Amino acid sequence: PASPTPLPPRCRTGECRLFLIDRPVTVTLARAKSSMSVWRKVRFAAGLCWDLITSPWQKKKVERFLKDILEGDGDLLTKELGKLKGSQPTVYETVVLERDKWIAYKICQAVDGIAGYEG
């Protein structure tokens with residue numbers, strides 16, 4: 001696995017600014033929940049229950065899954081998000097696409113605040 005990129009020297013001395021650009025996960029999850037119809041919520045909950053009954057999570061499976069996501073090349077996460085897009089498109093839109101737009105907007109705000117950038 002790749003090691004984390006070291007901080008640039010300026011950041012180690014406190015001369016750089018840090019911008020927290022991600023949206024709080026509680027906001028993302030609340031928006032995803034509100035984007036689903038009652039029927040979709042029932043289907044989603046039933047799907048989760050079915051998955052728990054038919055293939056219970058074992059500690060080793062969870063550890064392998066997390067290791068694949070954290071240390072892999074991203075294919076597993078892409079695959080899982082693809083499943084979400086197919087089964088719950090409104091949730092996918094909120095969790096992935098809307099969040100991506102939020103992060104892009106916050107990056108633009110940060111750049112604009114640093115360099116007077118107008119894009």
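Cys-108 is partly exposed, with a relative accessible area of 45% (buried means under 20% relative accessible area, exposed over 50% and partly exposed in between, using a 1.4 Å probe and protein chains only). You are looking at a predicted model, where local features need pLDDT of at least 70 and side-chain atom pairs count only at pLDDT 80 or more, while totals for chains, interfaces and linings use all residues. Residues are numbered from 1 along each chain as its sequence is written, and side-chain values use heavy atoms, with hydrogens and water left out.

**The whole protein**

- The protein has six helices and zero strands (these are DSSP runs, numbered from the N terminus: H or I of at least four residues for helices, E of at least two for strands).
- Read from the N terminus, the order of elements is α-α-α-α-α-α.
- Of the 119 residues, 10% count as buried.
- About 9800 Å² of the protein is accessible surface, and 63% of that belongs to carbon and sulfur atoms (the areas come from the Shrake-Rupley method with a 1.4 Å probe, and for residues only the protein chains shown count as cover).
- Take the contacts between residues at least 6 apart in sequence: 67% of them join residues at least 24 apart (contact means heavy atoms within 4.5 Å).

**The second largest pocket**

- This pocket holds about 170 Å³ of space (a volume is the space filled by probe spheres set on grid points, which are joined across faces, edges and corners).
- A pocket is found on a 1 Å grid over the protein atoms alone, as an open set of points with protein on both sides within 12 Å along at least five of seven lines; a cavity, by contrast, is a set where a 1.4 Å probe fits but cannot get out.
- Lining residues have an atom within 4 Å of a point, and here they include Asp-22, Arg-23, Thr-28, Leu-81 and Arg-99.
- Helix 2 (25–35) and helix 6 (89–115) each give at least two residues to the lining, and helix 6 has the largest share, with four residues.
- Sorted by class, the lining has five nonpolar, one polar and four charged residues (Ala, Val, Leu, Ile, Met, Phe, Trp, Tyr, Cys and Pro count as nonpolar, Asp, Glu, Lys and Arg as charged, and the others, Gly among them, as polar).

- Arg-23 sits in the loop between helix 1 (9–12) and helix 2, while Thr-28 is in helix 2.
- Arg-23 counts as buried because its relative accessibility is 9%.
- Thr-28 is buried too, with 4% relative accessibility.
- The side chains of Arg-23 and Thr-28 are joined by a polar contact of 3.1 Å (a pair of N or O atoms within 3.5 Å; within protein, one must be able to donate a hydrogen and the other to accept it, and residues adjacent in sequence count only if both atoms are side-chain atoms).
- The side chain of Arg-23 also makes a polar contact of 2.8 Å with that of Glu-98.
- Setting aside neighbours within four places in sequence, Arg-23 is in contact with residues including Arg-31, Thr-94 and Trp-102.
- Trp-102 is 79 residues from Arg-23 in sequence, yet their C-alpha atoms are 7.0 Å apart in space.
- Not counting residues up to four places away in sequence, Thr-28 touches Arg-23, Thr-94 and Val-95.

- Cys-108 and Ile-21 are 87 residues apart in sequence and 10.0 Å apart in space, C-alpha to C-alpha.
- Gln-109 counts as partly exposed because its relative accessibility is 37%.
- Along the chain, Gln-109 and Phe-19 are 90 residues apart, and 9.7 Å separates their C-alpha atoms.
- A polar contact of 3.3 Å links the side chains of Gln-109 and Lys-106.
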